[in-house]
Structures are given as C-alpha cells and as structure tokens.
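This report treats selected local features of one protein model. Please consult the sequence and the coordinates alongside the text.

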Amino acid sequence: MPEAGHPLRPAYSLYRWYWRSLDWLFPPRCGGCDQPGRRWCDDCRVKVRRISEPICSRCGNPINNGLTCRSCVDIPPKYTALRSYAEFEGVVRTALHRLKYRRDVSLGEALAEPLIGYFASLGWEIGLVVPVPLGRARLKERGYNQADLIAKPLALASGARYSRSGLVRIRETESQVGLNIIQRRENVAEAFYGNRALVASKKVLVIDDVTTTGATISACADALQNAGAAAVYGLTLARAVSRKEP
Ligand SMILES: [Zn+2]
Ligand SMILES: [Zn+2]
C-alpha cells in the first residue's frame, strides 16, 4: 500500500479494481504457496525475507561495513541508486517464476503492492517510470513483459508518468546465469536505447522483477542518460543476494 493515511490515486484504485474483478471471475491461487483464495496470501507476505541493512548506498547490496561496496568503487554503476524489496528466495522466488514463466499475469499487481510502499519510503522524486524491456522476439514468445506488470501499478500509485517505450531493447542478450559482474556488464552493454523525446531531462525510475549484480539496470541507465535523462534510479522486487560479499 502507498503511504499510510494517503488515499489511493483514482487511476491506481481503478487498476486494482480491474484485477480484483478478474479474481471474482477466476478465483486465484497464491503465487507463493498455491493455496486458493488470494493471489499473494498473508502467510507468504510474512515469509518474505527483506533486504536488511547495512547495504551499499549505490547498488543496494548487503555489505558488512562502509557506505559503498568495493564493486561500486572500482566500476561505478551508471544509475544513482538501485534498491530491491526482498531477497530472491523462498516464496518470492516461486511467485516470480510463476509470473514470468507460467503466465500468472495477475501476480504482477499483487506483488507490486508491497513494492509501492517500499518505493514511497525511499523518498525518490521520479518523473517517469519505465520497465526493463524485453526484446521483440521474447515479448512475442511470452506475450507479456513481467517487469511491465509490476511497473505499471507502481507508476499509477505514485502519480509518475509511465512509458513502455521510454527504453527499448535493441538486441537480445544471453542468459546472465553463471557470469560474473564484468561478464554481465559486457553481456548487456549497448543492449538498450533511450527514447529522447520521452526521457530527456526527466528523473527516470527503471523497474525490473529481479536483479543479481545490477548490470542490466546499469546498462538501462547508460542508455537513458545518453538520451538526456537527468538521473536514473532502479528498483526491483527481488535481488539474488550473495552472502560472500566482503
Ligand atoms: Zn501463499
Ligand atoms: Zn555497491
């Protein structure tokens, strides 16, 4: 939910009402535990493992000491800051897998709800929200972009403008699994293009479902800045946390 005590914006209320009316027609099961009744049940909500402080002020990864992690000092990312709501494990991992690969599209709005509250707590001033785009072939194959399903309700709830075409993927990228941070950055370098007419002089928030090293968000930030964005922030629902961070 957005900040306590604040009424929901009408566009966001309408969007929620749309998904809730579909629940009435097609009774949902929970994305985390598969129990019938709700898309994201109370049991799963309390099982979510939040990213705990201390974290790097730049990339948001857990660190043991200092303000910024070694990786952000060595190769500063292109974004101003990146944050994630939860660790990519347990019920969150199950739900995101279901959203991405099992066409459980109504999970986007349900999972966006806690992210909206977290976003409000960050105090970022954002003019435009964009999802990390899929390539044209992958979008056609999947039929939807899971990042879009999370980003749209967040934009509606925050009152920022929303654009699916502010950022375009101009080349498909290989799976990032098994690559280190340098290889990941090379893998996604110049994979995106920012639409100057939409993003110039705006503070842009890039949304994705999950991040590991932030390489994709950094490549998005690079493209948006080349197109004249004033600043770029990143927010993901989940983050694969390495517990070996020095
Ligand atoms: Zn559940
Ligand atoms: Zn960092």
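The report covers metal sites, helix packing and backbone geometry, in that order.

The model is predicted: local features need pLDDT of at least 70, side-chain atom pairs count only at pLDDT 80 or more, and totals for chains, interfaces and linings use all residues. Residues are numbered from 1 along each chain as its sequence is written, chains are lettered from A and ligands numbered from 1 in the order in which they are written, and side-chain values use heavy atoms, with hydrogens and water left out.

**Metal sites**

Donors are N, O and S atoms within 2.8 Å of the metal (3.2 Å for Na, K and Ca), and water is not among the atoms, so sites may look incomplete.

| Ion | Donor atoms | Distance | Sequence spacing |
|---|---|---|---|
| zinc ion (ligand 1) | Cys30 (SG), Cys33 (SG), Cys41 (SG), Cys44 (SG) | 2.2 to 2.3 Å | C-x2-C-x7-C-x2-C |
| zinc ion (ligand 2) | Cys56 (SG), Cys59 (SG), Cys69 (SG), Cys72 (SG) | 2.3 Å | C-x2-C-x9-C-x2-C |

Four donors count as tetrahedral if all angles lie between 85 and 135 degrees. The site of the zinc ion (ligand 1) is tetrahedral, with angles of 106 to 113 degrees among its 4 donor atoms. Around the zinc ion (ligand 2), the 4 donor atoms subtend angles of 105 to 116 degrees, and the arrangement is therefore tetrahedral.

Helices (H or I, at least four residues) and strands (E, at least two) are DSSP runs, numbered from the N terminus. Cysteine 59 and cysteine 69 both lie in the loop between α2 (42-47) and α3 (70-74), so the pair ties together parts that are 10 residues apart in sequence.

In terms of accessibility, buried means under 20% relative accessible area, exposed over 50%, and partly exposed in between (1.4 Å probe, protein chains only). Cysteine 59 and cysteine 69 are buried. Cysteine 30 is buried because its relative accessibility is 0%, whereas cysteine 33, at 27%, is partly exposed.

**Helix packing**

Two packed helices are described by the angle between their axes and the distance between the axes. Axes are lines fitted to C-alpha atoms, for helices over the stretch in contact, and angles run from 0 to 180 degrees between N-to-C directions.

Helix α4 (residues 90-101) and helix α7 (residues 146-158) have axes that come within 8 Å and cross at roughly 110 degrees. The two helices are therefore roughly perpendicular to each other, a term that covers angles of 65 to 115 degrees. Contact (heavy atoms within 4.5 Å) joins Leu96, Leu99 and Lys100 in α4 to Gln146, Leu149 and Ile150 in α7. By class, this contact has 4 nonpolar, 1 polar and 1 charged residues. Here Ala, Val, Leu, Ile, Met, Phe, Trp, Tyr, Cys and Pro count as nonpolar, Asp, Glu, Lys and Arg as charged, and the others, Gly among them, as polar.

Helix α1 (residues 10-25) packs against helix α5 (residues 107-122) at an angle of about 145 degrees, and their axes are 11 Å apart. From α1, Tyr12, Tyr15, Arg16, Trp19 and Arg20 meet Glu109, Glu113 and Ile116 of α5. The residues of this contact divide into 4 nonpolar, no polar and 4 charged.

**Backbone geometry**

Glutamate 53 and proline 54 are joined by a cis peptide bond, with omega about 0 degrees. Proline 54 is placed in the loop between α2 and α3.

Aspartate 34, a residue other than glycine, has a positive phi near 70 degrees. Aspartate 34 lies in the loop between α1 and α2 and is partly exposed at 34% relative accessibility. Serine 201 is not a glycine either, yet its phi is positive at about 60 degrees. Serine 201 belongs to the loop between α9 (196-199) and β6 (203-211), and its relative accessible area of 62% makes it exposed.

Definitions and conventions. Angles under 35 degrees count as roughly parallel, over 145 as roughly antiparallel, 65 to 115 as roughly perpendicular and the rest as oblique. Four donors count as tetrahedral if all angles lie between 85 and 135 degrees; four count as square planar and six as octahedral if opposite donors are over 155 degrees apart and all others between 65 and 115; anything else is irregular.
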